[in-house]
Amino acid sequence: MTVSSPPVKLGKPSENYLNWAYGIKSWLLTTDHKRIGILYLISITAFFALGGVAAGLVRLDLLTPQGDLLTNDNYNKAFTLHGVIMVFFFLIPSIPATMGNFFIPIMIGAKDLAFPRLNLASWYVYMIGGLFTLSVVVLGGVDTGWTFYTPYSSTYANTAVILAAVGIFTAGFSSIFTAINFLVTIHKMRAPGLTWFRLPLFVWAHYATSIIILLGTPVLAITLLLVGVERLFRIGIFDPALGGDPILFQHLFWFYSHPAVYIMVLPSMGIISELITAFSRRRIFGYKAIALSSLAIALLGFLVWGHHMFVSGQSVYAGLVFSILTYFVAIPSAIKVFNWTATLYKGTIIYKTPMLYAMGFIGLFTIGGLTGLFLGAAAVDVHVTDTYFVVAHFHYVMVGATIMAYLGGLHFWWPKMTGRMYNESWGISSAILIFIGFNLTFLPQFVMGYMGMPRRYHVYPEEFQIYHVASTAGSTIMAVGYLLPLIYLTMSLFVGKKAEDNPWGAAGLEWTTSSPPPHDNFAETPIVTEEAYAYPETKTAEVPSGA
Amino acid sequence: MAHKTAVVAPYFHDIDQQREVNALGMWAFLATEVMFFGGLFMAYVVYRFSYPEGFIEGSHELNLLLGSINTVILLVSSFTMAMAVHSAQTDAKRKLVMFLILTILLGTVFLGIKGVEYYEKFAHHLVPGPNFEFHGANGNHVQLFISLYFATTGLHAIHMIIGVGVLTYFLIKAIMGRYNSLNYDPVEMVGLYWHFVDIAWVFIFPLYYLIERYLTLG
Amino acid sequence: MDNFSFFPEQASTMAARIDSIYFTLVALSILFATLIAVFLVYFGIRYRRSAKTDRSNILYESMALEFGWSFIPFLMAMGIFGWSAFVYYDINRPPDDALEIYVIGKQWMWQIQHPLGKSEINELHVPINQPVKLIMTSQDVIHSFYIPAFRLKQDVLPGRYTTLWFQATQPGEYHLFCAEYCGTDHSQMIGKVVAMGQQEYERWLSGNVASESMVDAGKRLFNDNGCSSCHLASGTGIGPALEGVFGSEVQLEGGGTVLADEAYLRESILDPQAKVVAGHQPVMPSYQGVISEGGVLQLVAYIKSLSNTQ
């Protein structure tokens, strides 16, 4: 019997998800979760740029107290666009739709998500929603703020409110499709041996996030629908002159929009768990605590929406209930910060770009979270709500934390997704630049807020100018910091060093595949026998060799 | 009988995994539907609490007979839907087709009756907006009630239309012999959806049609 | 640029109380942030890859630690919550003897109406050392009446009255901002609060053209709009007598009672069918669109004057 081996073709790149098929149709009609993740990555980056331009306009205009750059109306449209794009078209989908889509199946040893065609549909629905929102920009903008408070949005505004509402409504369905996919996949498609408490914490985070998306987003959808119907037919549901209650809108809106912030932050926390373990070379401290705290945040997050309404006219007693619950929800987040810090203990810490982002996250999320306690104190909130204090708080958690984690994850998994290494010096420089620029932008806003500077103000009293100038200067540095990765990450696609399967020496099923992974992830379904982050323990006091 | 094989997508291990995945996916989706309608029910609760008289008057403007008939129609259609699923599970293709047709028919009749009701409202100027007319004290509150009525039943009707459409698609597939005791998932899933739409109506009907309606005997 | 500070001057009795909570939170935040930072830096240096140090016997979990670092912050959080709850409660409970001033917010200005007739635009003159209660409503969208120096704000809603009370402690001029986005000129819907000593305030009140007091204006409206023809003081008219009504419990047709506060009076004028007094017919016409929000406030002031209570 002769044994023959397949012919060896020298120099041919191995088959992976990027090269197994070419052509625009193979991308636009793909059902491969990895390609869909890349499609999302490109579109989300584009929306981030647009939202960033809007932010730039706002910050430039605020350099002078008279607001010399824009008219009142255009300023109002600029900050509205910034909020709508950043919240609904960047932050909400960012980590789940890119890295979640790409890595959840691989991390659990599956060949794809539960509903691959639904996954592709979610991207198209996202793009359609984005198209509606872009048309808003072209058709004169919308000036209600991303919060669409009635009766201004339902009766008085004469801008493209309905179109904006339709765009966000549509994007919401994209979110829901993703969440259904993740929930079912994590429940039903884990590899043999992969019990719940062996899952990477990135997966736990997305599981909790999916629950929030499923239960919260539909409420936003119906609320926006009602605003649109009110505008079209004047039915009076939010119009006091016809018996309606504008506060009902606030309750319905914040019932989604508060859990929404946990949709934005939980996936980022999942990434941090991955980064801290990989770059400390040890198992995480308090795995169960971190996993269960994600679920706790998801649940408690639904009970605190009224802390956005302490001065809205809701009853004192409601305010007190929401205040105490707000302190409850702070605890699980604090637990995570302590556990990550403890993970560094007796680790072997490696300072690469992703680790810098992770440590920056811990610092900035701590500050952002602590300032949330100020806002949860109803008495203090009476003074600082609707001022720059709130603006600073949510930018610390949304940008300082979430975006740092997004970039950290992007750099961590870049070699895996693209098969290329990025330039490490550029990476570290950008991370530091972003950190500095970010703090300069938003730290003065806390001070300014307590001094009484209201938010959404186009012109302002002179005494606040110094803070605005510092803030704008910081935002310029931050903008440069964001542009750099766009450049060097893109360049790495062409000139970057080819990545090995596991350039970081990290644990996790994704690092057992090739870089980039093959089309169907695993030739054979892996069998899991270890805990997550099963790095070898150091028995001696010596430094472990190698990377 | 035609040779049947289980149709399993390549990224699943076996048909059981596929079935569990489909079921969980549909239940997750139905959870979102509950929250979707939930927002409207919340608005209803708030305003009924605030304006009880207006809601009573508004409710009495609705056509109780047609609403009741529709309720019976939907309940029966859930039965025919369940029978369709059972037929698929037991390789009873003729019955499957028959029950699917019946369900579609019942759904369509429901929509037709709904259309008649809406037309009645238009004719009596009981449509929210600038042409709303109500002769009575609580005009504004009745308008709120009618607005919520149209929003909720309209949303429900959209779900019915989608359901009828999907059922028609599956009917065609069923006639082509696509479903059998190994491949009945899609029928079961749309069955779940149909039952949800039915249950939603079971809540909508009393909340809107039956406020302070009393049966007088003798 | 004069004194650079981190907080505005404290010009009301609440300001110092709120600042105390705030500075306690600042201190606690600095404590925790520093703690985390110290550990991050210390671990980050001690356990960096190139450091030869003992890494054996790593701990992976500790119930004691989890409990400890959950429970202690939780206790602190509850302490802050409790403290803030008391202050928040006081913020929302105006004293009974407060001086009432009426505010109407509209795009994009504040109309202030003093009870004895003085009205102002975008300026609010108040006496110090006396509780003042603002009764506010909006003519269009939601606004918010914000005085940073008092540390107080309250949303101003259409179709409803909301109240904000304070006691100014030092004379001076303080920023007044609209703090709920309300459209094009939101950032120009600003003004000032002028706190003055008692005597100065009296002088200011009586200065200028003596205009109608709120009560007199309300009485005029009451007669001009035909209210007096149904609401006879004798109680024998088609409508109930309004003497003594404000502040009392009113029996409603169909059972139930309602407290006759400002909101009830306003609703009775604009939506009279909503609550019909027991023993009366639902025949009162609505004055929605006939009488402005300002006029309603004047009528309310007049009807309040018909009661012995303030």
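Two residues are in contact here if their C-beta atoms, placed from the backbone, lie within 7 Å. Keep in mind as you look around that this is a predicted model.

**Stop one: chain C.** Colour domain 1 (1-49 + 94-211) and domain 2 (214-305) of chain C separately. Their centres, taken over C-alpha atoms, are 33 Å apart. Where they touch, 11 residues of domain 1 of chain C are in contact with eight residues of domain 2 of chain C. On the domain 1 side, select strand 1 (99-106), strand 2 (109-113) and strand 5 (131-138) of chain C, each of which supplies at least two of the touching residues. That side of domain 1 has five nonpolar, five polar and one charged residues.

**Stop two: a helix pair in chain A.** Now show helix 8 (residues 246-278) and helix 9 (residues 287-300) of chain A, whose axes come within 11 Å and cross at roughly 175 degrees. The two helices are therefore roughly antiparallel to each other. Display A:Tyr262, A:Leu266 and A:Ser273 from helix 8, which meet A:Ile290, A:Ser294, A:Ile297 and A:Ala298 from helix 9. The residues of this contact comprise five nonpolar, two polar and no charged.

**Stop three: A:Ala431.** Finally, centre on A:Ala431 in helix 14 (residues 424-451) of chain A. Is A:Ala431 buried or exposed? A:Ala431 counts as buried, because it has 26 C-beta neighbours inside 10 Å. Beyond its neighbours within four places in sequence, A:Ala431 is in contact with A:Thr353, A:Leu356, A:Tyr357 and A:Gly360.

Note on methods: Residues numbered from 1 in each chain as written. Chains lettered and ligands numbered in written order. Predicted model: local features only at pLDDT ≥ 70, side-chain atom pairs only at ≥ 80, totals over all residues. Axes fitted to C-alpha atoms, helices over the stretch in contact; angles between N-to-C directions. Helix = DSSP H or I, 4+ residues; strand = E, 2+ residues; numbered from the N terminus. Parallel < 35°, antiparallel > 145°, perpendicular 65-115°, else oblique. Nonpolar A, V, L, I, M, F, W, Y, C, P; charged D, E, K, R; others polar. Domains from an automatic or database assignment. Buried ≥ 20, exposed ≤ 12 C-beta atoms within 10 Å, placed from the backbone.
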